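Here is a brief report on one protein chain. Keep the sequence and the coordinates open while reading.

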Amino acid sequence: MTSHFARYQAGERDEVWRDLRALELSVFDARHREDAHAVAREMASRARWNVETLVDRLEVDGFVAARNDDDSTPRPAHLPPSDGACALADWMEEAFAPFPSPPGTDPWAFLTFHVWK
């Protein structure tokens, strides 16, 4: 059986997410968890690349992100994850046990972090 991750990389993204959702809570079982996390990491990596590309292109066109304050103080449009992102994901996993964090939570926090409007 081909892994969900290999299928995701081959372009079957919608089908892979459908199949992972169909697993319901068994997606957290040891036999699926690593593969599901690999899919989530890849998704988050692609999302980060998309955000960084979008920010770069907007800035080339003159876009300036700003705080929502009286002075419209300029600020970065995207802040990469801090060094503490992995620790936060670990804390969430422990704090919300026995409910495991969804497979996408820690990669999302680690790879994408925050985009300012």
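## Exposure, core and ring contacts

E24 counts as exposed, because its relative accessibility is 61% and the exposed class begins over 50%. This residue sits in the loop between α2 and α3.

The model is predicted. Its pLDDT averages 82 over the protein chain, and 82% of the residues score at least 70. Confidence is highest in helix α1 (residues 4-9), at a mean of 96. Confidence is lowest in strand β2 (residues 114-115), at a mean of 50.

**Layout.** The protein chain has five helices and two strands. Read from the N terminus, the order is α-α-α-β-α-α-β. The chain counts 117 residues, and 29% of them are buried. Its accessible surface comes to about 8,200 Å². Carbon and sulfur atoms hold 56% of that area. Take the contacts between residues at least 6 apart in sequence: 64% of these join residues at least 24 apart.

**Core.** Which residues form the largest nonpolar core? There are seven: Y8, V16, L20, V27, F28, A36 and V39. Helices α2 (13-22) and α3 (30-60) each supply at least two residues of this core.

**Around Y8.** Y8, one of the core residues, is buried because its relative accessible area is 4%, under the 20% limit. Its ring takes part in the one aromatic pair of the model. The partner is W17: the ring centres lie 6.3 Å apart and the planes meet at 90°, so the pair is edge-to-face. The distance falls within the 6.5 Å cut-off for a pair, and the angle is over the 60 degrees needed for the edge-to-face class. W17 is partly exposed, at a relative accessible area of 25%. The ring of Y8 has a further neighbour in R13. The charged end of R13 sits over that ring, 5.9 Å from its centre.

S72 is found in the loop between α3 and β1 (78-79). It is partly exposed, because its relative accessible area is 43%, a value between the 20% and 50% limits.

**Two pairs across the sequence.** E15 lies in helix α2. At 33% relative accessibility, E15 counts as partly exposed. H78 is found in strand β1. Is H78 buried or exposed? H78 is buried, with a relative accessible area of 12%.

**Recap.** Y8 links several of these points. It belongs to the largest nonpolar core, pairs edge-to-face with W17 and lies under the charged end of R13.

Definitions and conventions
Residues numbered from 1 in each chain as written. Predicted model: local features only at pLDDT ≥ 70, side-chain atom pairs only at ≥ 80, totals over all residues. Heavy atoms only, no water. Phe/Tyr/Trp six-rings, centres within 6.5 Å; stacked < 30°, edge-to-face > 60°. Buried < 20%, exposed > 50% of the residue type's maximum accessible area, 1.4 Å probe, protein only. Lys NZ or Arg CZ within 6 Å of the ring centre and 35° of its normal. Helix = DSSP H or I, 4+ residues; strand = E, 2+ residues; numbered from the N terminus. Contact = heavy atoms within 4.5 Å. Areas by Shrake-Rupley, 256 points an atom, 1.4 Å probe, with all protein chains shown as cover. Core = buried A, V, L, I, M, F, W, Y, C linked by side-chain atoms within 4.5 Å. pLDDT = per-residue confidence, 0-100.
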